[in-house]
Amino acid sequence: MRAVRLHELGGPDALRIEELADPICDDDDVLVRLTFAALNRRDVFITRGMYPGIALPSTLGADGAGVRADTGENVVIDPMLHWGNDPHVWAEGAQVLGMPRDGTLADAIAIPKQNVYPMPAHLTADQAAALPLAGLTAYRALITRGRAMMGETVLVTGIGGGVQSFVMQFALALGATVIATSSSDAKLANARALGAQHTVNYRSNPDWYKDLRKLPAIDLAVDSAGGEAFSRAIDAVRPGGRVVTYGGTTATSNVRLFSVFWKHLDILGSSMGSPRDFTDMLAFVSRHQLRPVIDRIFPVTRIIDAFKHLEASEQCGKIVIDLSH
Ligand SMILES: NC(=O)c1ccc[n+]([C@@H]2O[C@H](COP(=O)([O-])OP(=O)(O)OC[C@H]3O[C@@H](n4cnc5c(N)ncnc54)[C@H](OP(=O)(O)O)[C@@H]3O)[C@@H](O)[C@H]2O)c1
């Protein structure tokens, strides 16, 4: 089988496509023949050495969909390994698929049975492959941790991000009002076309955070950019509101503590999600017939270009990899 392997750090250019033997399944595993995978920011971070516990060589990729070899069923993979028994927090030793355990950028994968779920019936395999890591992270951040509700207003910072595109879709499906920010007017136009009611460009408009005050009061902000996006989100939410962070793409953040305590805010951290979150996310996506926002589908032979496209934040939504080309 073909696999996208990383042997040493060096950014996307260090990736290699190699021929390997099919993976060997343990008693707890099943073999899945993958048809599509998708990229996440962590894949790029790993190539740059910006991720904890890097062990190489490894096959990258957390997202995948394909066919279960023993049953012929169309399946999607939950990339959260060894979450543990506590729904509130993952156990020590929990891992994300795709380094150190070999991931989904390959023609086949050996994966624990409990991480394999039936593909939502309304999705094609490329759409299903775009769903797992970002959909899971978005679901837990917005709904399990953020407790978003119908009628609330949700601020989604950096709408071009793969996870944030799901946060917006899920919030709209719940019946919330969405305020989306982005560095790109084209991405904001896309967000409006998908249903976002208010949009703000944080790059071209230096007063973007002041403009938030002219919009409906923000009940919940969901951020993964960190830096100014996170600190401004804390300033922007209404008294008694919530702010969820699941990432820090730009940097650490200088938070005005006065805003936190004077407004009685809940600041909530979230990462990936439990098996329950994954099951609930799939059910939510099926119930609302949601389809992931796909930016582009790259053939696996152009994997380095796909990683560079993600690294440059050129995408709007998920970057999918066709493993058959
Ligand atoms: N904790 C977890 O379990 C978990 C899971 C998934 C992801 N993450 C983390 O979450 C982050 C996003 O992941 P992803 O895969 O969705 O990444 P991605 O698709 O590469 O998204 C990056 C987006 O961040 C936005 N951004 C960058 N600088 C910004 C700023 N100053 N203000 C507002 N937005 C800004 C940009 O949005 P625009 O292009 O619209 O400007 C960019 O498109 C990463 O740091 C990742 O490591 C964590």
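**Overall shape and fold**

Tutor: With 325 residues, a compact globule would have a radius of gyration near 20 Å, and the chain has 19 Å, which agrees; the radius is taken over C-alpha atoms, and the globule rule is 2.2 Å times the number of residues to the power 0.38. This is a predicted model, in which local features need pLDDT of at least 70 and side-chain atom pairs count only at pLDDT 80 or more, while totals for chains, interfaces and linings use all residues. Residues are numbered from 1 along each chain as its sequence is written.

Student: What percentage of the contacts in the chain with a separation of 6 or more comes from residues 24 or more positions apart?

Tutor: Two residues are in contact if their C-beta atoms, placed from the backbone, lie within 7 Å. The C-alpha atoms fill a box of roughly 60 × 40 × 35 Å along the principal axes, and buried residues (20 or more other C-beta atoms within 10 Å of their own; exposed means 12 or fewer, partly exposed in between) make up 47% of the 325 residues. Of the contacts with a separation of 6 or more, the share from residues 24 or more positions apart is 69%.

Student: How many helices and strands are there in the chain?

Tutor: Both are DSSP runs numbered from the N terminus, a helix being H or I with at least four residues and a strand being E with at least two. Counted in this way, the chain has 10 helices and 18 strands.

Student: Which helix lies between S14 and S15 in their β-α-β unit?

Tutor: Two strands pair if DSSP finds at least two bridges between them, and S14 (residues 218-223) and S15 (residues 237-245) are parallel over 5 bridges, with Ala221 opposite Val243 in S15. The unit is right-handed, in the sense that, with the strands pointing away from the viewer, the path from the first strand over the helix to the second runs clockwise. Its helix, residues 227-236, is H7.

Student: Which helix does the chain pass through from S15 to S16?

Tutor: S15 also pairs in the parallel sense with S16 (residues 266-269), over 4 bridges, and Arg242 has Asp266 in S16 as its bridge partner. The β-α-β crossover from S15 to S16 is again a right-handed one, and it runs through residues 257-262, helix H8.

Student: Which residues of H7 are buried?

Tutor: The cover over the buried residues of H7 includes S11 (153-156), H6 (208-211), S14, S15 and H8. The buried residues in H7 are Ala229, Phe230, Arg232, Ala233, Ile234 and Ala236.

Student: Which residues come nearest to the ligand?

Tutor: A residue is near a molecule if its C-beta atom, placed from the backbone, lies within 6 Å of it. The shell around the ligand divides into 10 nonpolar, 19 polar and 4 charged residues, where Ala, Val, Leu, Ile, Met, Phe, Trp, Tyr, Cys and Pro count as nonpolar, Asp, Glu, Lys and Arg as charged, and the others, Gly among them, as polar. At least two shell residues are supplied by each of H1 (41-47), H3 (132-145), H4 (162-174), S12 (177-182) and H7. Of the 33 residues around the ligand, those that come nearest are Gly158, Gly160, Gly161, Ser182 and Gly247.

Student: Is His264 buried or exposed?

Tutor: His264 is found in the loop between H8 and S16, and its phi is positive, about 55 degrees, although it is not a glycine. Leaving aside its neighbours within four places in sequence, His264 is in contact with Pro239 and Gly240. Because His264 has 9 C-beta neighbours inside 10 Å, it counts as exposed.

Student: Is Met99 buried or exposed?

Tutor: Met99 is found in the loop between S8 and S9, with a positive phi near 85 degrees in a residue other than glycine, and the peptide bond from Met99 to Pro100 is cis, with omega near 0 degrees. Since 24 other C-beta atoms lie within 10 Å, Met99 is buried.

Student: Which residue is the bridge partner of Leu6 in S4?

Tutor: An open antiparallel sheet of 3 strands has the order S2-S1-S4, and within it S1 (residues 2-6) and S4 pair over 2 bridges. In S4, the bridge partner of Leu6 is Ser58.
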